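Subject: A structure for you to look at

Hi there,

Here is the structure I promised to pass on. Please open it first, and then read my notes below.

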Amino acid sequence: DKKDVKGSTFAPLLLKATGNSKSVKLTWKKVKKADGYIIYGAQCGKKLKEIKKLGSSKKTYTHKKLKKAKYYKYMVVAYKKVKGKKVPIAMSTTVHVPTKGGKYAAPTKVKVKSKTITLKKGKTKSMKASLVLPKGKKSKTHVAKFRYESTNKKVVTVSKKGKLKAKKKGTAYIYVYAQNGTYIKVKVKVK
């Protein structure tokens, strides 16, 4: 429950989960060259299992007949057919989301101090992020409160705690995302 599957990334699919009272809606970004998507899901604390296969034109799925006020987790795998086999070409990180009806809710927004950061090569900087939640609701964190991902690690890397390190001149983007897939994209320029 606390970790992402090895090799999974956030940026290619941008998977997001939104909880309703007895269902969860998943949305993602289409992956070029994908022949289809496999949805994995489970109640938090249980093992992920395959719940649906979808064609390449799909980018949403609603998981129904769920329990109220419970946390669920999901992962989407984009695959390509190679010699009759489904070969994964992109795997999303795992998203965790509660269904409505309890004191917990998913974040609606991720906020950062600045959406553009300029760094000199070799320098470091820590990012500060915060969550926006529906009024009167709490968030129960099943994975890290924030996860970070760089679109170009040759230009800038980011640690699990949000510390940036400028590697070489160029521009990269950092995705700062909450456990349900709500994210903000930060532009980093290295001079």
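**What turned up**

Let's start with Asp 4, which is partly exposed, with a relative accessible area of 28%. Here buried means under 20% relative accessible area, exposed means over 50%, and partly exposed lies in between (1.4 Å probe, protein chains only). Please keep in mind that this is a predicted model, where local features need pLDDT of at least 70 and side-chain atom pairs count only at pLDDT 80 or more, while totals for chains, interfaces and linings use all residues. Residues are numbered from 1 along each chain as its sequence is written, and side-chain values use heavy atoms, with hydrogens and water left out.

Which residue does Asp 4 form a salt bridge with? The partner is Arg 147, and the closest N and O atoms are 2.7 Å apart. A salt bridge here is a side-chain nitrogen of Lys or Arg within 4 Å of a carboxyl oxygen of Asp or Glu. Arg 147 sits in strand 13 and Asp 4 in the segment before strand 1 (16-19), so this pair ties together parts that are 143 residues apart in sequence. Strands (E, at least two residues) are DSSP runs, numbered from the N terminus. Arg 147 is buried, at 8% relative accessible area.

The whole structure holds two salt bridges. Glu 50 and Lys 53 form one as well, with their closest N and O atoms 2.8 Å apart. Glu 50 is partly exposed at 39%, and Lys 53 is also partly exposed, at 43%.

Now for the rings. There are six aromatic pairs in the structure. One of them joins Tyr 175 and Tyr 183 edge-to-face, at 5.4 Å centre to centre and 70° between the planes. Rings of Phe, Tyr and Trp (its six-membered ring) pair if their centres lie within 6.5 Å; planes under 30 degrees apart count as stacked, over 60 as edge-to-face and the rest as tilted. Tyr 175 is buried at 7%, whereas Tyr 183 is partly exposed at 36%. Ring pairs also link these two with Phe 10 and Tyr 177 into a cluster.

Last, the surface: Lys 2, Lys 46, Lys 49, Lys 67, Lys 70, Lys 103, Lys 138 and Lys 140 gather there in a patch of positive charge. Such a patch is made of residues with over 30% relative accessible area and no salt bridge, with like charges joined within 9 Å. Lys 140 lies in the loop between strand 12 (129-132) and strand 13 (147-150), and is partly exposed at 42%.

Enjoy exploring!

Terms used:
Patch = residues over 30% accessible without salt bridge, like charges linked within 9 Å, V, L, I, M, F, W, Y side chains within 5 Å. Areas by Shrake-Rupley, 256 points an atom, 1.4 Å probe, with all protein chains shown as cover. Lys, Arg positive; Asp, Glu negative; His and termini not counted. Charge placed at Lys NZ, Arg CZ, Asp CG, Glu CD. Helix = DSSP H or I, 4+ residues; strand = E, 2+ residues; numbered from the N terminus.
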